[in-house]
Amino acid sequence: MDHGQPLREGSTVLVTGAAGFIGSHAAERLIDGGYRVVGLDNFCDFYDRRWKENNLRSISPAVEVQEIDVVDSQAIDRLVRTARPAAILHLAAMAGVRPSIEQPAYYARVNLEGTTHLLEAARRHGVGRFVFASSSSVYGNAGGRALREENEAGAPVSPYGATKRAGELICHAFAHLYGLSIACLRLFTVYGPRQRPDLAIHKFVRLIQGGQPIPVYGDGSTSRDYTYVDDTVAGIIAATHHAPPCRYRIYNIGTGRSVSLSRLIEAIETATGRPAIIDRQPPQSGDVEHTLADISRACQELAFAPRVSLAQGLERFVDWFGRYGHLYTFPESTAAAAIGEDRGQAQV
């Protein structure tokens, strides 16, 4: 494959974490774009397995999803050898800042060792293009300014953020040593339909709709660059379709706008038409204070252009939750219990 050329229609893309939140949307968009998608997911019980099964029911039956763990090097090698993908889109990971503090070694194993197995398989079997889903967590507490890819990312404040930065570095090594074309995407707080039940927007909507208190950590002044999943996936697909201008490239995928936690809650109240009952909690260790993406590089090189405002995105999510939320169960203990088990990766 000519690494500088766009992927041809009909090319095979291997998507890891394909049954998860972002993975299922990415797989769906790739199929709609004329690609053949081979999916990989281990359906771990970080949250209810039925959630991922319903994600897959929501998308085209053209996606093939194999139940494989990214830390199983032999299974990964066999799948890449058999599927012969033109590109690997690596979205699978153990996700979550707070759980990573409880099990840092497990997060390191899945997020770094698993990424290395995929890179090694790509090297062995001639996969020229590799897209790695990193995270804004790599920046740590870099302050309220817009974060650029050139900014220092050597001080993450959680094991999760550290594993994502380590993943970027192992990607750089493989790009340098073996000529793989690698794009690392630093995703900023993704939300939307199919969002994991443990994440803030999903959890807040569920609790507010049920008339229950929402846990708010700190005074509400922390802020995030909340990015609607359709916009995130547009960036992911662009990075998969078009090779970066050099062998290794990092891109921020966000909106370029930051919203405080207090303002987010007000926006959710507007979207749901219900008041929030606040259960104020102390700040959590490992949480970054502010994120705000400088997306100029992605805009210039990937023609990335986020389109969905927070108000629009929340309205879409609340509508989706009203239609489909009843199909799932959300045991509050599921995520916490799963952290101590060696079951594999949850979707970022």
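What span should the 12 residues of helix α1 (residues 21-32) have at 1.5 Å a residue, and how far apart are its end C-alpha atoms? I worked this out on a predicted model.

**Entry: helix α1**

I took the expected span as 1.5 Å times one less than the number of residues. For α1 that should give 16 Å, and I find the end C-alpha atoms 17 Å apart, which agrees.

I then looked up burial along α1. The helix is mostly covered, with 9 of its 12 residues buried. The buried positions are Phe21, Ile22, Gly23, Ser24, His25, Ala26, Ala27, Leu30 and Ile31. I also checked what comes after the helix: Gly34 follows α1, and its phi is positive, near 95 degrees.

I counted 20 salt bridges in the model.

Asp41 is in a salt bridge with Lys52, and their closest N and O atoms lie 2.8 Å apart. This pair links distant parts of the chain, since Asp41 sits in strand β2 (residues 36-41) and Lys52 in helix α2 (residues 49-57), 11 residues apart. I checked accessibility for both partners: Asp41 is buried, as is Lys52.

**Entry: Arg123 and Glu120**

I find a salt bridge between the side chains of Arg123 and Glu120, at 2.6 Å from N to O. Both residues belong to helix α5 (residues 104-124), and because they are 3 residues apart, about one helical turn separates them. I noted the general rule here: an α-helix has 3.6 residues a turn, so residues three or four places apart point the same way. Arg123 has 32% relative accessibility and therefore counts as partly exposed.

**Entry: Arg165 and Glu168**

I looked up a second pair within a helix. The side chains of Arg165 and Glu168 form a salt bridge, with N to O at 2.6 Å. These two lie in helix α6 (residues 159-178), and their 3-residue separation is why they are about one helical turn apart.

Is Arg165 buried or partly exposed? I read 22% relative accessibility for Arg165, so it counts as partly exposed. The cut-off for buried is under 20%. Glu168, at 0% relative accessibility, counts as buried.

**Entry: shared partners**

How values were computed. Residues numbered from 1 in each chain as written. Predicted model: local features only at pLDDT ≥ 70, side-chain atom pairs only at ≥ 80, totals over all residues. Heavy atoms only, no water. Salt bridge = Lys/Arg side-chain N within 4 Å of Asp/Glu carboxyl O. Helix = DSSP H or I, 4+ residues; strand = E, 2+ residues; numbered from the N terminus. Buried < 20%, exposed > 50% of the residue type's maximum accessible area, 1.4 Å probe, protein only.
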